[in-house]
Amino acid sequence: MHPQPHITLFSLSCLQFLIPIATIAPPIIVAFCTKDVETLVSYTGSYAGVGIQYIFPALLCLYGRKKLDSISTHEPNHHRSWFRHNNWVYFTLAWSAVCIALVTYNHIADAVNHHHD
């Protein structure tokens, strides 16, 4: 048997303090060091948005289906989705790549146009 780690009240209190500070500090430091926060938000929001809206759900669906197939009893599911084929997941991932390409093009075009003004 492996010994269980001993968590004291002090170490738990430190973790409850340090984790939020470690989470909040980097964005605050970046915000204070950045002259144009709007541009920073547009970059992080557009790329993180694609990940949150398309990539993570598609991957969760894909790997969830693989796991379910490995443990399933193969009983018929009368409530299954019309979009149950994995090609829909691959289409979503391809669409996310198109979105990232379009957003990147838009950011580059804005930077070039802003530079020429």
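Which element of the protein has the lowest mean pLDDT, and which the highest? In this predicted model, helix 1, residues 9-33, has the lowest mean among the elements, at 83, and helix 3, residues 86-116, has the highest, at 91. For the protein as a whole, the mean pLDDT is 84, with 90% of residues reaching 70 or more.

I turn now to the aromatic residues. How many aromatic pairs are there? The count is two. One is formed by Phe 83 and Trp 88: the ring centres lie 4.9 Å apart and the planes meet at 90°, so this pair is classed as edge-to-face. Trp 88 also pairs with Phe 91, again edge-to-face, with 6.3 Å from centre to centre and 85° between the planes. Trp 88 and Phe 91 are separated by about one helical turn, because they stand three residues apart in helix 3.

Finally, the cysteines. How many disulfides does the structure hold? It holds zero. Cys 33 has a relative accessibility of 64% and therefore counts as exposed, the cut-off being over 50%. Cys 61, with a relative accessible area of 29%, is partly exposed.

Key
Residues are numbered from 1 along each chain as its sequence is written. This is a predicted model: local features need pLDDT of at least 70, side-chain atom pairs count only at pLDDT 80 or more; totals for chains, interfaces and linings use all residues. Side-chain values use heavy atoms; hydrogens and water are left out. A disulfide is a pair of cysteine sulfur atoms within 2.5 Å. Buried means under 20% relative accessible area, exposed over 50%, partly exposed in between (1.4 Å probe, protein chains only). pLDDT is the predictor's confidence in each residue, from 0 to 100. Helices (H or I, at least four residues) and strands (E, at least two) are DSSP runs, numbered from the N terminus. Rings of Phe, Tyr and Trp (its six-membered ring) pair if their centres lie within 6.5 Å; planes under 30 degrees apart count as stacked, over 60 as edge-to-face and the rest as tilted.
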